[in-house]
Amino acid sequence: MSGNRVRLQAIRDVEAYVPPSASFINTEAPGQIFGENVFNKVVMQKRLPKSVYKSVIATIEHGAKLDPLVADAVASAMKDWALEKGATHYAHVFYPLTGLTAEKHDSFLEPVSDGSALAEFAGKTLTQGEPDASSFPNGGLRNTFEARGYTAWDPTSPAYVLENPNGNTLCIPTVFVSMTGEALDHKTPLLRSQQAMGEHAERILKLFGHTDPEHVVSYCGPEQEYFLVDRHFFLARPDLLNAGRTLLARSRPRAKSSTTTTSVPFPSVYSVS
């Protein structure tokens with residue numbers, strides 16, 4: 001099939017594309033439902049005492065040490081909020097070295113002697129958990145008594161309620177470390193790097209005369225632009241198939257002739273069906 005026929009076929013396939021049915025209620029405005037299942041600062045300010053809220057914000061924004069008494073208050077408010085959202089279980093979510101997302105699920109409800117159930121969620125349960133050995137890179141090959149991996153609550157990432165057909169779950173972002181403090185996930189080194197960057201940035205600011213600088217927070221993330229190209233157009237482009245990115249020819253700044261060109265890599269391109 002020639003390149004022209006492939007391009008024409010791609011255009012016909014794009015024109016015949018039928019979008020999937022909407023998975024949300026069309027009558028709801030995005031601004032009304034955005035972040036409604038997130039235990040964010042607005043929710044904390046409404047549900048936590050003023051002193052507790054200020055302490056949590058100091059931990060999130062300035063890296064202050066978290067008071068255990070504050071953790072109990074946050075856990076109680078988080079539990080009530082999650083139960084109102086229909087959640088019966090909570091999960092410590094972390095990112096182990098297996099390259100996958102891991103979760104340890106537990107129930108809010110604890111049975112009592114009279115046959116009923118009582119919803120409990122303490123601060124120590126919020127701040128620390130203990131997954132099994134399957135979260136390690138070698139999976140279940142590690143002996144159970146050697147697992148000793150712990151999850152620790154990361155207050156810089158907000159908790160959220162995940163809606164599922166079988167029920168809602170309160171998801172708590174955590175880090176995953178060993179009993180000796182070694183990082184066993186991909187998030188702990190990132191948080192430690194941000195902390196180190198902040199400390200050295202404050203040190204440099206003091207050298208320039210800033211005697212009392214505020215806590216410095218570093219942000220990281222992809223800065224490139226990403227382009228989604230229809231799969232049919234992607235298959236009709238040999239440059240994308242071979243290089244995985246667009247190559248644009250342009251003149252060199254000191255080129256003697258305007259015909260002299262060089263290849264400039266553009267941001268990554270991903271194909272979509």
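Colleague: Which side chain does a polar contact of 2.7 Å join to that of Lys-187?

Modeller: A polar contact is a pair of N or O atoms within 3.5 Å; within protein, one must be able to donate a hydrogen and the other to accept it, and residues adjacent in sequence count only if both atoms are side-chain atoms. Here the partner of Lys-187 is Asp-154. Before you go on, this is a predicted model, where local features need pLDDT of at least 70, side-chain atom pairs count only at pLDDT 80 or more, and totals for chains, interfaces and linings use all residues. Residues are numbered from 1 along each chain as its sequence is written, and side-chain values use heavy atoms, with hydrogens and water left out.

Colleague: Is Lys-187 buried or exposed?

Modeller: Buried means under 20% relative accessible area, exposed over 50%, and partly exposed in between (1.4 Å probe, protein chains only). Lys-187 has 13%, so it counts as buried.

Colleague: Which helix does Lys-187 lie in?

Modeller: Helices (H or I, at least four residues) and strands (E, at least two) are DSSP runs, numbered from the N terminus. Lys-187 belongs to α7, residues 187-207. The protein has nine helices and twelve strands in total.

Colleague: What about the largest pocket: how much space lies in it?

Modeller: Rolling a probe the size of a water molecule over the atoms shows where empty space is left. The largest pocket holds about 1200 Å³. Thr-59, Asp-154, Pro-155, Thr-156 and Leu-191 are the closest to its centre among the 33 residues that line it. A pocket here is an open set of points on a 1 Å grid over the protein atoms alone, where a 1.4 Å probe fits, with protein on both sides within 12 Å along at least five of seven lines; lining residues have an atom within 4 Å of a point.

Colleague: Which element gives the most to that lining?

Modeller: α7 does, with eight residues. α4, β7 (149-153) and β9 are also among the elements that supply at least two residues each.

Colleague: Which residues touch the most other members of the largest nonpolar core?

Modeller: Such a core is a set of buried Ala, Val, Leu, Ile, Met, Phe, Trp, Tyr and Cys residues joined through side-chain atoms within 4.5 Å. Phe-39, Val-74, Met-78 and Leu-170 lead among its 26 residues. α5 gives the most to this core, with seven residues. Val-74 touches Phe-39, Leu-48, Val-52, Val-56, Leu-126 and Trp-153, not counting residues up to four places away in sequence.

Note on methods: Contact = heavy atoms within 4.5 Å. Points joined across faces, edges and corners; volume = space filled by probe spheres on them.
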